[in-house]
Each structure stands twice: as structure tokens, then as C-alpha cells.
Amino acid sequence: MPYQPLTEATVVDYVKNLPEVLSSVFLPGDTLRGVDLADGNVNLVYRVSAEQNLGRTVIVKQALPYARVVGESFPMPLERSRIEADLLQIEARYAPEFVPRLYHHDPEMYAIVMEDLNQHIIMRKGLNAQVVYPHFAQHLGVFIARTLFYTSDLYLPHEVKKEMMAKHINPGLCKVTEDLVFTHPFMEHPGNKWNAELQPEVDEIRANNSLRSEIFLLKEAFMTHAQALIHGDLHTGSIMVNERETKVIDPEFAFYGPMGFDIGAVLGNLALAYCAQPGHVEDPEKCAEYRLWLLDTIREVWNVFETEFRRLWNEELNRENWDTDEFREKYIRRLLQDTTGFGGTKMMRRILGLAHVLDLEAIPDPQRRATCESQALDIGQRWVMNRERVRSIEDLIVMIKESKAKYPYGA
Ligand code: SR1
Ligand code: MG
């Protein structure tokens with residue numbers, strides 16, 4: 001079928017013509033209905049379910065040649081759909097319990113059909129409502145350790161790694177990240193958006209060449225450090241959760257990049273949720289209690305990651321290539337430092353750049369939101385500027401606890 005964007009009306013016929021999807025999910029005689037679910041920045045997303053039983057359901061995700069929320073002035077390669085399909089299969093090899101099942105990939109329509117996670121919600125929405133996810137840190141720590149270790153030179157024979165790198169080169173989406181995460185937020189750019197209440201702070205950051213040079217070092221590491229096949233956009237909008245399960249979605253930004261970019265995305269977005277809580281919760285005790293859970297979760301994600309990563313290192317390392325314990329300790333320390341720098345950068349881009357996050361955008365009062373955003377900018381700067389001194393996850397937590405908003409609400 002030649003490429004054309006699907007609609008609520010056409011997506012049902014599209015699914016009806018996919019025999020392997022019909023036989024895996026639906027029953028003969030099912031009447032299918034399509035519903036538009038798109039609420040991310042980039043793609044079309046539909047739910048197609050059987051009227052007879054809404055539990056028989058799939059998600060159809062289709063790439064547009066541009067970013068959905070911006071329009072045709074922001075072109076994006078359709079090829080990202082193939083990357084996403086490949087990644088879902090690779091992740092399923094190493095961490096099957098944490099990814100949705102892929103039923104079908106259509107290279108002509110740039111569409112994938114996958115499991116409908118209708119028992120889960122986007123994690124950001126749960127964090128905005130102070131929901132505690134008791135298994136999240138365990139799940140996510142294991143997911144990142146396995147997907148990063150098993151796709152790196154620590155495990156793969158060198159020729160396999162090189163083939164994987166060639167297959168997963170993703171220049172179009174990497175350019176989006178280079179621009180929207182590392183470049184535009186830290187300069188005057190027409191795509192940027194920010195809260196006018198923060199103007200003096202925004203001006204200060206954009207004039208801070210010491211900070212900007214550190215961000216550029218991180219950008220250069222992002223562009224050149226082909227360490228593992230990373231997810232590439234692992235924020236809390238790319239994670240679906242409930243109290244029992246955790247599923248990582250949307251790996252369309254994947255490529256061979258630095259491991260710390262994924263780990264930093266998770267920790268930085270949890271820190272954004274921490275900053276946003278006073279914008280959502282009126283009761284100070286309840287707010288403090290949930291913030292404590294977020295700090296524990298940041299700590300726990302790293303600790304679980306490190307424990308699992310060390311286990312894999314001990315049991316699965318390609319020992320022909322790597323053999324000293326001292327190297328392992330230096331490697332893990334550098335991972336934590338990269339995590340800190342990338343995490344801080346990703347926090348700031350969500351306040352200064354084009355793509356913002358619901359954690360903060362859902363706070364209607366601009367002054368109250370500015371207090372939360374200002375604290376996030378402070379943490380982001382601390383993480384970036386102090387990353388080389390970081391020795392343990394506690395150092396990141398201390399920087400969060402010591403951070404301050406420049407414009408305390410109501411002061
Ligand atoms: C045009 S918006 C692009 C952003 O959305 C994705 O979630 C990525 O974070 C990207 O930077
Ligand atoms: Mg996404």
C-alpha cells in the first residue's frame with residue numbers, strides 16, 4: 001500500500017488487511033472501531049478495538065513526514081518507524097517483560113501495529129497525580145542495564161557491534177536531539193518557548209558561556225560516543241506504568257550513543273517531577289512525602305541499574321577485549337558522570353526549548369510554575385557543572401536537596 005497518513009476512518013480497513021494481526025488478536029466476526037489517541041509530539045497513534053470485547057485491541061502508530069505538533073515546517077524522516085520496529089524487537093530479546101509486543105511492521109506505510117497498553121498510563125500523568133509505582137525502579141534499572149550492556153562492546157563481538165551501528169544510524173532524529181536538547185535552548189532561537197516570568201534567568205543562562213561550553217562537550221559526546229544502542233528519548237512520557245508493570249515505548253530516536261543519555265533522561269525527568277510537585281499538591285506534607293518517594297526512586301533506579309550492570313559484567317563480559325577490574329570501576333564512575341550531565345541538560349531543555357513537559361505545563365499559574373521551573377533550572381545547572389566531581393548517586397540527590405528556585409512563589 002503506498003504511503004498515506006491513516007485516519008480514524010481508514011485505520012480499521014488497514015488493520016482488517018493484516019492477516020497476522022487479525023489472527024493474533026481478533027476473532028472472526030469482530031467489528032472493529034478506530035480511535036485517535038495521538039498526544040505525543042511526533043506521530044499518529046490509533047487504537048483499533050473489537051466492539052464485542054474492548055480487550056481485543058491493538059495500537060497502530062504511523063510516522064508522519066514531519067512532527068505532528070509543529071507541522072510541515074519541522075520535517076522528520078519516515079524511516080524512524082523502521083528504527084522503532086527494530087528496537088522493539090532488540091529490546092524484547094534482552095528485556096521482554098518491559099516492552100510492548102510488536103505484531104506488525106509496514107515499511108511502506110511507515111507504520112507499526114503493537115500491543116495496546118490499555119492497563120497502563122503514561123508515567124508523567126501518574127507522577128502529576130502523586131501515584132507511587134512500587135516496582136518501577138527495579139524494572140527500569142534492569143531494563144536499562146540489559147539493553148545497554150548487551151548492545152555494547154562490553155558484550156558484542158566487534159564485527160557484530162559495527163554491523164549494528166551501521167544498521168541503526170539515525171541521522172535525522174539525532175539532528176533533532178542535537179538541536180532541540182543541546183543547541184537551541186541555550187541560544188536565541190525562534191522555536192524556543194519559555195515562561196516570561198523566568199526572563200532574567202533565561203537571559204543569564206543563554207549568556208553563560210561556561211555552562212554553554214559544558215553543554216557543547218556533552219553534545220559532542222552525544223554525537224561521537226557510540227557506546228550502546230540507546231533508546232534515545234527515555235523520558236517519563238516514553239514509559240507506561242501501572243502498579244505492577246513497566247513498559248518502555250517509543251524507541252524511534254534510537255542510535256549508537258552514550259549510555260548516560262538514557263540513564264540521565266530517566267533521572268532528569270524524575271527530578272523534573274520532583275520540582276513540579278509544589279505546583280500540583282496543596283498539602284505541604286503530602287508534597288514532601290511524594291518528593292521523598294521521587295528521590296528514593298532516583299537513587300533506586302541507579303542502584304538497580306548498577307547492580308544488574310555489574311552482574312552482567314561479571315557473567316557476560318567479552319573478556320578477550322576487556323579484563324581489568326580497575327577499568328570496570330572507572331567505566332561505571334564515568335557512566336554516572338555522563339548520566340548527571342545529560343540528565344541536567346535534558347531538564348533545562350524542557351524549560352527553555354521547543355518541547356516542554358506536562359509535569360510543568362499542567363501548572364496553570366505562571367508564577368507558581370516559574371518557581372518549579374526555576375528550581376529545575378538550578379538542578380540542571382548543578383548537575384552539568386559538577387558532573388565530573390560526582391562519585392555516587394548520593395551526590396546527585398544532594399544537589400537536588402540543595403537546589404533553590406530563584407523566584408520563590410509567594411515570596
Ligand atoms: C518536535 S518535538 C521533538 C521532541 O519530542 C520527542 O519526544 C523528543 O524529546 C524530541 O526532542
Ligand atoms: Mg516519543
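This note walks through the ligand site and the strand pairings of a predicted model.

1. **Who surrounds the ligand.** Start at ligand 1. Its surroundings are Asn41, Ala67, Phe74, Leu180, Asp233, His235, Phe253, Arg349, Arg350 and Leu354. Sorted by class, this shell holds 5 nonpolar, 2 polar and 3 charged residues. Find each residue in the structure before you read on.

2. Which domains supply the shell around ligand 1? Domain 1 (8-115) and domain 2 (121-402) each give at least three residues.

3. For Arg349, an N or O atom of the side chain is 2.7 Å from an oxygen atom of ligand 1. For Asp233, the distance from a polar side-chain atom to a ligand oxygen is 2.8 Å. For His235, the corresponding distance is 3.4 Å. How much of ligand 1 does the protein bury? Alone, ligand 1 exposes 320 Å², and the protein buries 95% of that area.

4. **The sheet of 5 strands.** Now turn to the strands. One open sheet has 5 strands in the order S1-S2-S3-S7-S6, and the pairing is antiparallel. Why do S1 and S6 each have one side without a neighbour in the sheet? Strand S1 (32-36) and strand S6 (102-106) stand at the edges, so each has a single partner strand. On average, neighbouring strands of this sheet are turned by 20° against each other, with direction ignored.

5. **A closer look at S1 and S2.** Strand S2 covers residues 44-50. Its antiparallel pairing with S1 runs over 5 bridges. One pair to look up is Arg33 with its bridge partner in S2, Ser49. As background, strands of a sheet pair through backbone hydrogen bonds.

6. **The sheet of 3 strands.** Another open sheet has 3 strands, ordered S8-S10-S11, again with antiparallel pairing. Its edges are strand S8 (121-122) and strand S11 (246-248); each has a single partner strand, so one side of each lacks a neighbour in the sheet. Strand S10 (residues 239-241) pairs with S11 over 3 bridges. Within that pairing, Ile239 has Val248 of S11 as its bridge partner.

7. Strand S4 (residues 66-67) and strand S5 (residues 71-75) run antiparallel and are joined by 2 bridges. Look back at the ligand here: Ala67 and Phe74 are among the residues around ligand 1.

Notes. Residues numbered from 1 in each chain as written. Chains lettered and ligands numbered in written order. Predicted model: local features only at pLDDT ≥ 70, side-chain atom pairs only at ≥ 80, totals over all residues. Heavy atoms only, no water. Near = heavy atom within 4 Å. Polar contact = N/O pair within 3.5 Å; in protein donor to acceptor, adjacent residues only side chain to side chain. Areas by Shrake-Rupley, 256 points an atom, 1.4 Å probe, with all protein chains shown as cover. Nonpolar A, V, L, I, M, F, W, Y, C, P; charged D, E, K, R; others polar. Domains from an automatic or database assignment. Pairing = 2+ DSSP bridges. Helix = DSSP H or I, 4+ residues; strand = E, 2+ residues; numbered from the N terminus. Axes fitted to C-alpha atoms, helices over the stretch in contact; angles between N-to-C directions.
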